Amino acid sequence: MYAIVDIETTGGHASANGITEIAICIHNGKKVIERYSTLVNPERDIPIYISALTGITNDMVKDAPPFADVAHDIYHLLNNKIFVAHNVNFDHSFVRYHLAAAGYELQCNKLCTVRLGRKILPGLPSYGLGKLCRHLGIENESRHRAAGDAEATAILFSMLLQQDKENHIQQALKQNSKEQVLPPNLPKQDVDSLPMTPGVYYFHDDKGKVIYVGKAKNLKKRICSHFTGNNPGPQRQEFLRNIHHITYQLCGTELIAFVLESVEIKRLWPKYNRSLKRFEHAYSLYAFEDQRGYLRLVVDKHRKMTGAIYSCNTLYEGRTILLQLIDNYGLCPKLCFIQTNTEACTGINGGTCACEGIESPEIYNAKVNAAIEELQNALPTFAIRDAGRTADEHSCLLVEKGKFYGMGYISHYFDVDNLQQLKNHLTPYPGNDYIRSMVAGYATRFPERKVVFA
C-alpha cells in the first residue's frame, strides 16, 4: 500500500516552519482507495509570498486544527505504508518532524516520483510536477494546493507503475537500495560509480556549477553520509535539492585530499562550503621601519597581503619566537613592542639601546635583518613521500622554507634527493597557513615518510 502525500507549508524547512495543508491519497497499486485532506493551523503567520503562491491565507487557517490535533489520524494513515511524494525528502522531513513533535515516530520506506520519473520516463524537458503533468496530459486545477497536487501525483504514480518495465520501483524499495535517501535530482549511477578510495569530490547544481567541495578517506562512504539522517534544517534541505551531479578526483592519501580540498575551495569558492573559506592564522610577525629609520619587529593580528615574516595560531607562539630573536641578536625589547612601560630598556645593551638613540639605525637594522634571515633559514624544507593512486607511484608534497610549494605523483623508483629535480615533477599550488600547519603536523606524526633537504 502506498500513501501519496502533498503538503503546503509556511517555508522551506521543517524546524522553523509549519504545515498549512496536507492531503493523503491511499493507493493500492492500482488505484486510489482512500483520500484525506485538511487545512492545518501552522500557529504562525503565513508569509505573503507563500499566500500568493498557494492561495492559503491566515484567515483560511485560523479556525483549522493545529497539526497536533490531526497527528493521530495522519500517523495511522501513513504507518506501514510506502510514503510517496514528488521530491519526497521535503514532504517526509516536514511530516516526520511534526509527527515527532506530537509524539509519533514515523518509520516507513519512501519513493520519490521525481527520481522515478527520470528513470521510467527519461528524456523529458522537466520533471517539476506542473510541467510534468502538462507534458503527460494530467489535469490539475488546484496547483500548489495539497489536494490537487496529491491527486495529480497519484495519477502520475499510476502511470509510473504501469510503465515500469524494468522494475525501478521495486529496486528502489529494496532494503539495501538506499535510493530513497538520495537527493531528488541526483542520478543513482553517480553514487553507484563512486570508488572507495581517498579523494576530493564536487557537488554540482543544475547548471554544472560546483556548489560544494569535500574530501574523503573513502569517497563512496563519505558522499553517502551526506544523504543519511533526517535533519530538517534549512541549509540541508536547500543543499540536497540543489545537488544534480557528482564528480571527483582520486588522491593517493587522505593528506593529499585534505590539501586539494583547501586549494579547490579557495579556487572555486563554493556556495555551501563554510569553514575553510574563513580559516586564517590569527597572528603574524611583521617588520616595518619607523620615522627614525629603525627596523621594528612586532607580533600583530594577521592581515592578508601584508608580507608577514612568520604566521602562527597564538599570540604566545609569536611572542616566544620574537623573544628568542631578541636574546640571540641583542634586539631592543622596546622597539619590538615587548617592553611597553616607561622604565629603562631591559635589553642586552641596557640604557645604550637603540630605543635611546645611542645605537645607530644602520647598526641596529643589520642585527634585525640578520635575525629575520636566521628565522627564514630555520624554516624547514622537506618532502612527504607516501602512497600513490596506484601501486607503481608515490604521492609527494613539498614544503620549501616553511611554505607549501606543491604536490603531485612520482614514480615508485624516483629518488627524492634533489630539490630542483623534485620540483620539476610536482605541480605548484597556492599555499596558506592551514595547509602548512596540516602538512607539518602530518610530518611530525609520520617521520618515516619525511624527506629533509639540507
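Residues are numbered from 1 along each chain as its sequence is written. In this predicted model, local features need pLDDT of at least 70, side-chain atom pairs count only at pLDDT 80 or more, totals for chains, interfaces and linings use all residues, and side-chain values use heavy atoms, with hydrogens and water left out.

Side chains of opposite charge can pair when their charged atoms come close. A salt bridge is counted when a side-chain nitrogen of Lys or Arg lies within 4 Å of a carboxyl oxygen of Asp or Glu. A search of the whole structure found 12 salt bridges.

One of them joins Arg 145 to Glu 21, with the closest N and O atoms 2.8 Å apart. This pair links distant parts of the chain, 124 residues apart. Arg 145 sits in the loop between helix 6 (129-136) and helix 7 (146-163), and Glu 21 lies in strand 2 (residues 19-27). Helices (H or I, at least four residues) and strands (E, at least two) are DSSP runs, numbered from the N terminus. Accessibility was classed as buried (under 20% relative accessible area), exposed (over 50%) or partly exposed (in between), with a 1.4 Å probe and protein chains only. Glu 21 is buried at 5%, whereas Arg 145 is partly exposed at 23%.

Glu 359 and Lys 367 form another salt bridge, at 3.1 Å from N to O. Glu 359 is buried at 13%. Lys 367 is also buried, at 19%.

Arg 449 pairs with Glu 448, the closest N and O atoms being 3.7 Å apart. Arg 449 is partly exposed at 26%. Glu 448 is exposed at 57%.
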